[in-house]
Every structure is written in C-alpha cells, then in structure tokens.
Amino acid sequence: MKIKSAEFVMSNSDVAKCPKGKLPEYAFIGRSNVGKSSLINMLTNRKSLAKTSGRPGKTQLINHFLINGDWHLVDLPGYGYARISKNAKKTFQKFITQYFALREQLVSAFVLVDIRHKPQPIDLEFMQWLGENGIPFSIIFTKADKLKPQAILREVAAYQTVLLETWEEMPNYFITSSSNETGKDAVLEYIDGLNGNMKLDTP
Ligand code: GTP
Ligand code: MG
C-alpha cells in the first residue's frame with residue numbers, strides 16, 4: 001500500500017470523544033519507549049507526525065492520524081511506565097482499557113515489544129486481556145536494527161516458546177525497525193488486506 005497522505009486528526013483522553021464515523025482503525029500499544037510513535041512515523045514516511053522521545057512517557061493521549069483519507073492509525077501512551085505518579089498511571093490505564101473495550105472502529109491492535117527483551121509479564125498479561133476480550137491483535141517486534149539476523153530469530157523463537165505456554169498458536173507477528181524500515185511493507189500490506197476485508201463486510 002502506498003501512503004499518499006497522513007495527517008494528525010486529534011488527541012484526547014476520552015474514548016467517547018474520538019472521531020465518529022466508520023473508518024477502520026489500528027492502534028499501537030506497548031510499554032513506554034518501545035517505539036510506537038517512531039513506528040507510526042516510519043510507516044507513514046514522516047519524521048515527526050507522532051511525537052517521539054528518548055525518555056519514556058512521551059505519548060500521553062489517544063492520538064488519531066488519518067491515512068490516505070480512508071483509515072486511522074492510533075498512537076497510545078505506553079503502559080508500565082514507572083516514573084509517573086500512581087494517579088496518572090491509573091488514569092492512563094483507565095482510558096487505554098476503555099479505548100480497547102469501547103472503540104468499535106478498532107479492527108486490530110498491534111502490541112509492540114522490544115525484540116531485545118525477554119517476554120515481560122505486563123506484555124503477556126495485556127495480550128491475555130486482549131484475547132479474553134476478543135480483541136484481535138498482532139505482535140510487532142521493534143528495534144530489530146539492534147540485533148544481528150541470527151539473534152533476531154533466536155529472540156522470536158524464545159518469545160514463541162513462552163507464548164505457546166498459554167496460547168494455542170503463535171499470534172500473527174512482524175519484525176520491524178523504524179531506523180532501517182524493516183517490516184514496513186509487511187505491516188502496510190497486512191493493514192491493506194484488513195481494510196479490504198472491512199469493505200467486503202459492509203453491504
Ligand atoms: P512512549 O510514547 O513514551 O510510550 O514511547 P514510544 O513507544 O512511542 O517510543 P518512541 O517512538 O518515542 O521511541 C522511544 C525511543 O526509541 C526513541 O529514542 C526512538 O528513537 C527509539 N526507537 C524507536 N524505534 C526504534 C528502532 O526501530 N530502532 C532504534 N534503534 N531505536 C528506536
Ligand atoms: Mg509515543
């Protein structure tokens with residue numbers, strides 16, 4: 001899929017105020033600093049459409065971006081960020097959970113995990129929660145530029161081993177790097193396919 005346009009629509013902390021209408025949307029979620037905002041910029045060929053930072057906790061709201069005038073990408077705050085106050089953390093968790101529970105336009109989530117890290121309980125728990133709530137998701141391994149090809153395969157296999165302790169099958173996954181654009185076409189083609197299915201579904 002070619003990205004012809006990508007524009008910021010709105011930020012907010014209340015799922016009820018997110019864009020109305022029926023455009024299909026895809027949300028990026030994962031721990032703070034895993035590379036959600038960078039991935040959105042990489043996929044849309046834009047340097048700073050989504051705000052990124054070396055310091056965790058940069059994205060603090062639900063951010064909608066309109067792509068090709070036809071579908072939305074959603075950048076969310078990270079979960080598991082330790083350095084914010086307990087109150088702020090609760091608020092984040094509440095609106096992230098509400099976003100996933102209530103947002104009917106969501107076609108699929110992408111759960112981002114840093115390919116260099118062993119499976120973290122918070123990520124596994126979040127995937128479990130998505131599964132229990134019937135919310136489709138894929139895993140996106142980020143920062144693949146930090147590892148050699150052999151190590152990438154080893155880390156993915158190790159992740160799969162852990163997931164298969166609780167999941168019947170390995171969820172769909174992508175290996176990506178926002179630095180060298182690994183995985184860009186695969187993710188965009190996947191979204192394009194899902195967008196096509198959505199159109200077939202609507203009479
Ligand atoms: P929060 O908004 O705080 O939840 O973080 P985020 O998940 O949106 O992460 P962000 O995109 O802001 O990136 C965090 C840091 O990781 C930045 O310093 C990025 O430059 C770096 N980063 C993101 N993706 C990659 C990648 O693919 N490769 C490398 N080497 N660094 C990356
Ligand atoms: Mg961010």
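Modeller: Begin with the polar contact, which is a pair of N or O atoms within 3.5 Å. Keep in mind that this model is predicted.

Colleague: Which backbone atoms lie that way beside an oxygen atom of ligand 1?

Modeller: A backbone N or O atom of Val-34 is 3.3 Å from an oxygen atom of ligand 1. For Asn-33, a backbone N or O atom lies 2.9 Å from an oxygen atom of the ligand.

Colleague: And which side chain has an N or O atom 3.0 Å from an oxygen atom of ligand 1?

Modeller: That side chain belongs to Lys-143. Taken alone, ligand 1 exposes 650 Å², and the protein buries 86% of that area.

Colleague: How many residues surround ligand 1?

Modeller: There are 22 around ligand 1, and the closest are Lys-36, Ser-38, Gly-57, Asp-145 and Ser-178. By class, this shell holds 14 polar, six charged and two nonpolar residues.

Colleague: Now the pocket. What is the general idea?

Modeller: Rolling a probe the size of a water molecule over the atoms shows where empty space is left. In this structure, ligand 1 sits in the largest pocket, whose volume is about 360 Å³.

Colleague: Which residues lie nearest the centre of the largest pocket?

Modeller: Of the 24 lining residues, Asn-33, Val-34, Gly-35, Lys-36 and Ser-38 lie nearest the centre. The lining comprises 15 polar, seven charged and two nonpolar residues.

Colleague: Which helix gives the largest share of the lining of that pocket?

Modeller: Helix H1, residues 36-43, gives the largest share, with three residues.

Conventions
Residues are numbered from 1 along each chain as its sequence is written. Chains are lettered from A and ligands numbered from 1 in the order in which they are written. This is a predicted model: local features need pLDDT of at least 70, side-chain atom pairs count only at pLDDT 80 or more; totals for chains, interfaces and linings use all residues. Side-chain values use heavy atoms; hydrogens and water are left out. A residue is near a molecule or strand if one of its heavy atoms lies within 4 Å of it. A polar contact is a pair of N or O atoms within 3.5 Å; within protein, one must be able to donate a hydrogen and the other to accept it, and residues adjacent in sequence count only if both atoms are side-chain atoms. Accessible areas come from the Shrake-Rupley method with a 1.4 Å probe; for residues, only the protein chains shown count as cover. On a 1 Å grid over the protein atoms alone, a cavity is a set of points where a 1.4 Å probe fits but cannot get out, and a pocket is an open set with protein on both sides within 12 Å along at least five of seven lines; lining residues have an atom within 4 Å of a point. A molecule sits in a cavity or pocket if more than half of its atoms lie within 2 Å of its grid points. Ala, Val, Leu, Ile, Met, Phe, Trp, Tyr, Cys and Pro count as nonpolar, Asp, Glu, Lys and Arg as charged, and the others, Gly among them, as polar. Grid points are joined across faces, edges and corners, and a volume is the space filled by probe spheres set on the points. Helices (H or I, at least four residues) and strands (E, at least two) are DSSP runs, numbered from the N terminus.
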